[in-house]
Amino acid sequence: MSDSYSISEQEFLDRLFQKEGAALQMLFETYFPVLCHFAGGFLPDVSLAKDIVQETFIKLWHSNRRFDTLAGLKSFLFTVTKNACLNWIRDNKRLEDRHRNAQGLVPDEEDGTFNNIVLAESIALIYNEVRTMSPKMQEIFFLSYEQGLTVSEIAVQLNMNVKAVKKQKYKSLVALRTKFAQDPKLLLLLLPLITK
């Protein structure tokens, strides 16, 4: 920069620190296009890149930071510009995600309500299929799944032998596995029943 102008690097940095408008104008004319090109590599729009670079120069002007070298000043300009671009990208992504969530296009993965609804609907599908089974199979299924009883406990409660309970439970699980073979998520809900 000192080659293009008649003042030394140190004199230029001193004038900039003293908030001399001519020094800022000189810096702006030299680095504005360079920083715009740099920001344009991050951002989708040239006018947005220009806005961010202008904000970089405003931050420089409002800061009381003194630069010892031109390299330190350039590092500051590029770092502030890059961080502003990355912040814009992050904020814009959050805004887009909120809009999609508000429109119901993308469920919020951290939203337990959505997951609970999906789980409830999945259980309802299983229960609807169980209701098409024989009354004894239904009873065994519900005692096992809803009340968490083991095969032995079910046998005692229904006054049946353990082998008969196991057979009924096995038949109900085979029917469910056959019905929901194409939906592995529903099959996963049945795993607790298989282990009892």
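Reply: Helix packing, step by step

Helix 7 and helix 8 (residues 162–179) pack with their axes 9 Å apart and at an angle of about 110°, where helices are DSSP runs (H or I, at least four residues) numbered from the N terminus, and axes are lines fitted to C-alpha atoms over the stretch in contact, with angles from 0 to 180 degrees between N-to-C directions. That angle makes helix 7 roughly perpendicular to helix 8 (65 to 115 degrees; under 35 is roughly parallel, over 145 roughly antiparallel, the rest oblique). The model is predicted, and local features need pLDDT of at least 70, side-chain atom pairs count only at pLDDT 80 or more, and totals for chains, interfaces and linings use all residues. Residues are numbered from 1 along each chain as its sequence is written, and side-chain values use heavy atoms, with hydrogens and water left out.

Helix 7 crosses helix 8 in a right-handed way (the near helix is turned clockwise from the far one by less than a right angle). On the side of helix 7, Val-151, Ser-152, Ile-154 and Ala-155 make the contact, and they meet Val-162, Val-165, Lys-166 and Lys-169 of helix 8 (contact is heavy atoms within 4.5 Å). Sorted by class, this contact has five nonpolar, one polar and two charged residues (Ala, Val, Leu, Ile, Met, Phe, Trp, Tyr, Cys and Pro are nonpolar, Asp, Glu, Lys and Arg charged, the others, Gly among them, polar).

Helix 7 (residues 151–158) also has helix 6 (residues 135–145) as a partner, and their axes come within 10 Å and cross at roughly 130°. Helix 6 and helix 7 are therefore oblique to each other, and their crossing is right-handed. Here Lys-136, Glu-139, Ile-140, Leu-143 and Ser-144 of helix 6 touch Ile-154, Gln-157 and Leu-158 of helix 7, a set that divides into four nonpolar, two polar and two charged residues.

Helix 2 contributes Gly-21, Leu-24, Leu-27, Phe-28, Tyr-31, Phe-32, Leu-35, Cys-36, Ala-39 and Gly-40, while helix 3 contributes Ala-49, Lys-50, Val-53, Gln-54, Phe-57, Leu-60 and Trp-61. By class, the contact of helix 2 with helix 3 has 13 nonpolar residues, together with three polar and one charged.

Conventions
Helix = DSSP H or I, 4+ residues; strand = E, 2+ residues; numbered from the N terminus.
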